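Reader: I am new to this structure and would like to know what the descriptions of it rest on. Please take my questions one at a time.

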Amino acid sequence: MLGQAGPAGAAPDDNALRAIAAVSPNVQSLGKQGIRDKKVEVPTDSSGVVKITGQKGQSLSIGLPFAEKSATARPIGNGVVSYDNGNGSATVPIPQDDNSVAIHTIIESSAAPSRYQYRVDIPAGAAMKPNEDGSVAISRADGTFFGGFAKPWAKDAAGVALPTHYEVQGRQLVQVVDHSSPTVKYPVVADPWAGVDLIDGLPWITYASQGGVVNLNPTGWGRFYNGFATHNAHVDELRTKLGRIGWNLTGTIQEQYLCHVVGNVFEPGTYNLESWRPWMYWGDQLNLTYRCNP
């Protein structure tokens, strides 16, 4: 595994990085691979796996498309590597600073494939399931959240969104990218964005005259993984992490949190969940009046 950087000795070529940066909605730290705890590793060639290690020690390994071609990792600048799939496409995994990884596909021409398959190594008894918003959840045998893939996207060089979706076939995740239109401008960029942690570290408690405030920082991946079908995962992680600091998840804290999960634009930094607020369904406080604090 390469860990945080690709092999030295090759001249960098940042054309792929420019293509990604121009259209990607989720590149938090282009080229700053695993800057926090070195929790994302990339392989020396495409026959290996990208490995994510979560804050609880759980690991998620993801095989790269067209692994049978065993392309060597090639540095393309800023510590990022690329794998040439040999078919008009390339794979560029970019670890993020929240220990998630955006595995970008660069589609260079109309001759490139439309299907990109990833082998996902998940725990015994676990399962992958598509969510209604297009994202994918990985659940353990007991039904608890293990990790997942954010809703898919694909854009051409002009920034035009292209039709794309995931298909789940057992332990195989397939991203289908429809780039058949004659108006498509190449290169096309798409990615599965995978992660396991929704909350960065542990929440912490502060106090005001009215009572306690639960404070937490969502991961960048957690902000993006926010469709309705993901709510149980968010709540389970918050309950577990509050228990670790000796606090219980009350109804009002839960609803404020879910409001922030969906409408995180109201608090782009730390979420502040105030224990004295009255209980209100999250959807009813998701507005400019309450701003998730009814």
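Author: Accessible areas come from the Shrake-Rupley method with a 1.4 Å probe. On that basis, the protein chain of this predicted model exposes about 12,300 Å². Carbon and sulfur atoms supply 50% of that area.

Reader: How many of the contacts in the protein chain, as a percentage, link residues 24 or more positions apart?

Author: Among contacts with a separation of 6 or more, 60% are of that kind. A contact here means heavy atoms within 4.5 Å. As for burial, 51% of the 294 residues are buried.

Reader: How far apart are the mean positions of the positive and negative charges?

Author: They are 3 Å apart, with 23 positive and 26 negative charges in the protein chain.

Reader: How many helices and strands does the protein chain have?

Author: There are 4 helices and 19 strands. Six of the strands form an open sheet in the order E1-E2-E3-E8-E14-E13, with antiparallel pairing.

Reader: Why are E1 and E13 said to stand at the edges?

Author: Strand E1 (40-41) and strand E13 (164-169) each have a single partner strand, so one side of each has no neighbour in the sheet.

Reader: How do you know that E13 and E14 pair?

Author: Two strands pair if at least two bridges are found between them. E13 and strand E14 (residues 172-177) are joined by 6 bridges and run antiparallel.

Reader: What makes strand E6 mostly covered?

Author: Buried means under 20% relative accessible area. In E6 (residues 89-95), 7 of its 7 residues are buried. In a regular strand the side chains alternate between the two faces of the sheet. On one side of E6 are Ser 89, Thr 91, Pro 93 and Pro 95, and on the other are Ala 90, Val 92 and Ile 94; with all of them buried, both faces are covered.

Reader: Which strands pair with E6, and in what sense?

Author: Strand E5 (residues 80-84) pairs with E6 in the antiparallel sense over 2 bridges, and Tyr 83 stands opposite Thr 91. Strand E7 (residues 101-107) is joined to E6 by 7 bridges, also antiparallel, with Ile 94 opposite Ala 102. The hairpin of E5 and E6 has 4 residues between the strands, and Gly 86 there takes a positive phi near 70°. The hairpin of E6 and E7 has 5 residues between its strands, and Asn 99 in the turn has a positive phi of about 65°.

Reader: Which strands pair with E15?

Author: E7 and E15 pair antiparallel over 3 bridges, and strand E12 (residues 153-155) is joined to E15 by 3 bridges, again antiparallel. Ala 190 in E15 is the bridge partner of Thr 105 and of Ala 154. Val 188 and Ala 190 point one way from E15, Val 189 and Asp 191 point the other way, and all are buried.

Reader: What makes the backbone at Phe 66, Ser 70 and Pro 187 worth a remark?

Author: Most residues other than glycine have a negative phi, and most peptide bonds are trans. Phe 66 is not a glycine, yet its phi is positive, at about 55°. Ser 70 has a positive phi near 50°. Phe 66 is in the loop between strand E3 (59-63) and strand E4 (74-77), and Ser 70 is found in the loop between E3 and E4. The peptide bond from Tyr 186 to Pro 187 is cis, with omega near 5°. Pro 187 is in the loop between E14 and strand E15 (188-191).

Key
Residues are numbered from 1 along each chain as its sequence is written. This is a predicted model: local features need pLDDT of at least 70, side-chain atom pairs count only at pLDDT 80 or more; totals for chains, interfaces and linings use all residues. Side-chain values use heavy atoms; hydrogens and water are left out. Buried means under 20% relative accessible area, exposed over 50%, partly exposed in between (1.4 Å probe, protein chains only). Lys and Arg count as positive and Asp and Glu as negative; His and the chain ends are not counted. The place of a charge is taken as NZ of Lys, CZ of Arg, CG of Asp or CD of Glu.
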